[in-house]
Every structure is written in structure tokens, then in C-alpha cells.
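Here are some notes for a colleague who is looking at this structure for the first time. Please read them with the sequence and the model side by side.

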Amino acid sequence: MPDLSLLPPSAVVDGEDLRIGGCLLGELASQFGTPAYVLDEQALRSRARAYLHAFTSRYARSGIRFAAKAYPSASVIRVLAQEGLGCDVVGAGELRIALAAGVAPAKIVMHGNAKTDDDIQAALDASIGYIAVDGFDDIDRIERLARGRTPVLLRVSPGIDSATHAALATGSANSKFGVPIDQVPEAIARMRAGSAIDLQGLHAHIGSQILELDQFEAEVAALASLERFGVYDLGGGLGVRYVPRDVEATIDQYAERLTAAARRYLGDGIDLLIEPGRSLVAPVGVTLYRVVTVKRGGRVHVAVDGGMGDNLEPSLYGQRFAPLVVGRWDADSVLADLVGRHCESGDVITPDVMLASPQVGDLVVVPVTGAYCFTMGNNYNAALRPPVIFCDGGTARLAVRRETHADLMAREVGL
């Protein structure tokens, strides 16, 4: 039988098919087509509840703000808002999505290393909880645009080199994000010199897909070396298993380490914010593909009807995945490259992977695609972006429809 440990917890083998959220993948593919993003709705709700309970049970003054960049869909964010989560957003676009999803403005934090006037103005108009000041130009813009006292957090670059892919590290001394720790006193003085900014706390985020919890404790210690405040936002970054050999910390282990570090370094009298993204949504989503062609030469290439148009993580970060050929549970496996349909040699979903007797027309399911795949969906080779399908209790509902050729042409006004 196949290893289902990377699939959502509801995944079960049903003859020559798989069920997720009670729905047969073969039926989903027939009804909605492929490629398609499939989310287990109850698993999503369960992880949101797990985050809330893990932190608030250990530290009552905790708040969870979903990192919208991990899945900027109003349908996904609405589910998380219903479970009591807020959002961290980057810019006016993600802010608009979060508000449309029903997130309370007071539970929104706006980030961005290069916020425009429009971004700042949108945050001010919506009266969000905090604007995260990322640099001195943010201070200038808020002072110029604000009509009253604006609550902010100062994002600090704590000088921590995270053990993750270089493109996912955000807390080093050379990062484009935040204010270098040696410039923090100057930034604080600048904000206090004006009347528009109400500096309430500090923020730091050291990266994404981090599997070693010690790095998060170092982040808290770095913030504690600065002036003390009433609010600390520790960002997110907890990693997840993408392939069977990965070892991940549980949400409870993460919460235990962070809340203990907060008490040790910052005390009990603070508000604590956490911004999980990948670790909330990645494990609850899969992508369905159909095999289009199989080439057997020097290497076996199994090409599906999607690729870097719907999953850029392999190309950008070298991320590996653990795909399954649906239904071929007892078939002999071959070493192959699972590749996409796009005209790039780098369009490889996963190289050197064992696939069970792949044939044209087979369904392939790729687990752990619930984070950043939808985010970075694109129209390479004029491909249409996939739909998002929620599965719950055997019922499938369309959350985001598949893009159409009319959508693709809608912005072409010069014809």
C-alpha cells in the first residue's frame, strides 16, 4: 500500500482511487479537470484550531495572524477567519482580499519592504491593527499620510542566518527586510519625534521552512536585547514535511518553545503575535495532474498537464515533492523525472522519484502543495491557472474557478 503520511489526514485508499475529505480524486478530476488544487477543509480548520489552542493555552495573550502570502485566496482566508485567526498582509492587494474574506481589521498586520503610498493609505483607510514599519521611508509615508495616531510595530532584522534556502531566509544582517538591529534606536527616536505614529511593539521574521526550533529562540533573544515594549510579533516560518525523510516539529512543540522563550526573555506582560503561513496550509492541500506523455530514453520523463505554471517551488527553491500515481498501488516502480508541460528545462516538479508504472492518462497526486503554489500561479505558455476545490464530508465545492481564455485576454485593450 502507498505511504499516505504526507497527504491530508482524511486520505484513504478506495480501491484504485484515493479519497480526500471523503471525495474520490478520480471524480474530482472528471468534474473539475486537471491540473487542480484540492484542499481538505476540515484539515484546514483543524490546523487553525490547533494553532490557536497551542498558543493561547500556554500564553493567554497570544494572537494568530495567517500569513496571507501563503494562500491569498478569500475562500481560504474566510475559513481561517471563521476559526478566529487574523491575517498578515503584504500591500493593498492582500489587504483587500483579507477584508473581503471577513477578517476583522483590528486583526490585520500589514507588511512589505517597499510599501507605496497606496499601500499605506489602504491600511490607514481600513484602520487595521498594525502597520509593520520596515524602514525609514515607511516612517516618512505614515507621517505624511496619517490623520491620527497610527499603531505600528517596528520590524527588526535580527541578524540570524536561518537554516533554510537562501531565498526563504529573511532575518540575516543582509536581508532586504526590516531595520538592522544597530539602527533600531534611531528608528524608534524618529517615530517618537512625530505625532502620527504610535509605536507599540517590535516584529521579527527570520524566514520560511525552518525545521530547527533553536533559531526561533535566538530570534526572541535578539528582540529582548532592545528596548522593551508591550507587543511582540514573532512572525512565522515553521517548516513542514515535503518528502518522507523530512523531520518536522509539531505545532505544539513550536508553541511550547516560542512561549517559553517569550516568558524567559520578555516576561508575562506582553501581547504575543504569531504569523504562520506554510505550516498552516501546506499539509492540507494536494495538486491533481493527468499524465500526458511518458518518454523512455536515457531518463524516464513523465510529463503532466501542469508544472511551473501552478508550482514554482521546485524552480525557485529546489523543493522536492513525493508524488503518487493514483491506483497503481501494487505496480512496479520506475525511477523517473516528473516534469511539467512548459517550455523550460527547469520545469521539473520532482527529479529522480520512484513512480509506480506511470501511463498516459494516469492521475498523479502531489501532496503538500497547499502553500505558495496557488500564490505563485502564472500563465507561462498562456496556461490557465487551476481551480481550487474544497472537500469536506464527501462533498466537493468550487472555491476558485479555473481561469478561462477570456480571462487571459481580458486585459488586452490594444487589439
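1. Buried here means under 20% relative accessible area, exposed over 50%, and partly exposed in between, with a 1.4 Å probe and protein chains only. By that rule, the buried residues of helix α2 include E41, A43, L44, R45 and A48, and also Y51, L52, A54 and F55.

2. This is a predicted model, in which local features need pLDDT of at least 70 and side-chain atom pairs count only at pLDDT 80 or more, while totals for chains, interfaces and linings use all residues. Residues are numbered from 1 along each chain as its sequence is written, and side-chain values use heavy atoms, with hydrogens and water left out.

3. Helix α2 covers residues 41-56, and its 16 residues reach 23 Å from the first C-alpha to the last, close to the 22 Å expected at 1.5 Å a residue. At the start of α2, a side-chain oxygen of D40 comes to within 3.2 Å of the backbone nitrogen of Q42.

4. Helix α3 (residues 74-82) packs with α2 at an angle of about 45°, their axes being 9 Å apart. In contact terms (heavy atoms within 4.5 Å), E41, L44, R45 and A48 of α2 meet V76, V79, L80 and Q82 of α3.

5. H342 sits in the loop between β17 (333-339) and β18 (348-356), and H342 is buried, with a relative accessible area of 6%. A polar atom of the H342 side chain lies 3.1 Å from the backbone nitrogen of G309. Leaving aside residues up to four places away in sequence, H342 touches residues including G306, M308, D347 and Y380.

Terms used. Helices (H or I, at least four residues) and strands (E, at least two) are DSSP runs, numbered from the N terminus. The expected span of a helix is 1.5 Å times one less than its number of residues. A polar contact is a pair of N or O atoms within 3.5 Å; within protein, one must be able to donate a hydrogen and the other to accept it, and residues adjacent in sequence count only if both atoms are side-chain atoms. Axes are lines fitted to C-alpha atoms, for helices over the stretch in contact, and angles run from 0 to 180 degrees between N-to-C directions.
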